[in-house]
Amino acid sequence: MGDTMHVVVGIMGNAASLLLYAAPILTFQRVIRKRSTEEFSCIPYITALLNCLLYTWYGLPIVSRGWENFPVITINGLGILLETSFIFIYRWFAVPEQKKFVSLMVMPVIVLFTTTALVSSFVLQNHHHRKVFVGSIGLVASIFMYGSPLVAMKQVIKTKSVEFMPFYLSFFSFLSSCLWMTYGLLGQDFLLAAPNLLGSPIGLLQLVLYGMYRKSNKAPTEANKKDLEKDGAKFTTQQQEVNEKKIDN
């Protein structure tokens, strides 16, 4: 029963993570349409890429025993493809300063992952030590990944607007964290469960902020509509006055 539940939660975690990794598609449709990254941050996508690289490696038989963590491999492997695509699009439409920042952020990710893979492959001699080593680095990477939305949350509080903190990204982050925390606990794998002990409350906090400030997005829109209506009425009145003067003349 325990093994069955473990597999079921793993499948559910895969589904939730797939939706999480796919959620920024809507954001990047906007970036492509406007040909601008606007106020969106690249940090969540770069930290997510590092997380996916490390946990794909963690799930492979060279680190884990056999295919015990196959669900971890499948979803994080897909995550690598998606996050790489997002980073490429972001850099393509970014201003020069942002392009440089993206490059400076990506290089350490590549170096850290390569070093982790080499050390776990050729220095450590058994699965236990490899899992502890890779899992510990993955834990730190996950803390950065789940902590990166704090940048967006700070902006939400400052601007009182959730425009640059998409709801679905926050919701699926919370759901995915809860499921993978359960998966790790059921499999008695603390290194998988621990990062999500942090991710779950941060995801919940994002949803709370969204609930608090989502109505703020509508207020400016309504105000703008009223201003447009006033300007339109004023313009119409002015046109009528001009026409009346022409007739009188």
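## Basis and fold

Helices (H or I, at least four residues) and strands (E, at least two) are DSSP runs, numbered from the N terminus. This is a predicted model, in which local features need pLDDT of at least 70 and side-chain atom pairs count only at pLDDT 80 or more, while totals for chains, interfaces and linings use all residues. Residues are numbered from 1 along each chain as its sequence is written, and side-chain values use heavy atoms, with hydrogens and water left out.

The protein has 10 helices and zero strands. Of its 249 residues, 41% are buried (under 20% relative accessible area; exposed is over 50% and partly exposed in between, with a 1.4 Å probe and protein chains only).

## Second largest pocket

A pocket is an open set of points on a 1 Å grid over the protein atoms alone, where a 1.4 Å probe fits, with protein on both sides within 12 Å along at least five of seven lines; lining residues have an atom within 4 Å of a point. Grid points are joined across faces, edges and corners, and the volume is the space filled by probe spheres set on them.

The second largest pocket has a volume of about 150 Å³. Its lining consists of Ala 23, Leu 26, Thr 27, Arg 30, Phe 40, Glu 163, Pro 166, Phe 167 and Tyr 168. Helices α2 (24-34) and α8 (167-186) each give two or more residues to this lining, and α2 has the largest share, with three. By class, six lining residues are nonpolar, one is polar and two are charged (Ala, Val, Leu, Ile, Met, Phe, Trp, Tyr, Cys and Pro count as nonpolar, Asp, Glu, Lys and Arg as charged, and the others, Gly among them, as polar).

## Nonpolar patch

Areas come from the Shrake-Rupley method with a 1.4 Å probe, and for residues only the protein chains shown count as cover.

Leu 26, Phe 167, Tyr 168, Phe 171 and Leu 175 make a nonpolar surface patch of about 450 Å². Helix α8 gives the largest share, four residues. Leu 26 sits in α2 and counts as exposed because its relative accessibility is 54%.

## Positive phi in two loops

Most residues other than glycine have a negative phi. Arg 35, in the loop between α2 and α3 (43-59), has a positive phi near 55°. Its relative accessibility is 58%, so Arg 35 counts as exposed.

Lys 160 also has a positive phi, of about 60°. Lys 160 lies in the loop between α7 (149-159) and α8 and is partly exposed, with a relative accessible area of 47%.

Key: Patches are made of residues with over 30% relative accessible area and no salt bridge: like charges are joined within 9 Å, nonpolar side chains (Val, Leu, Ile, Met, Phe, Trp, Tyr) within 5 Å. A salt bridge is a side-chain nitrogen of Lys or Arg within 4 Å of a carboxyl oxygen of Asp or Glu.
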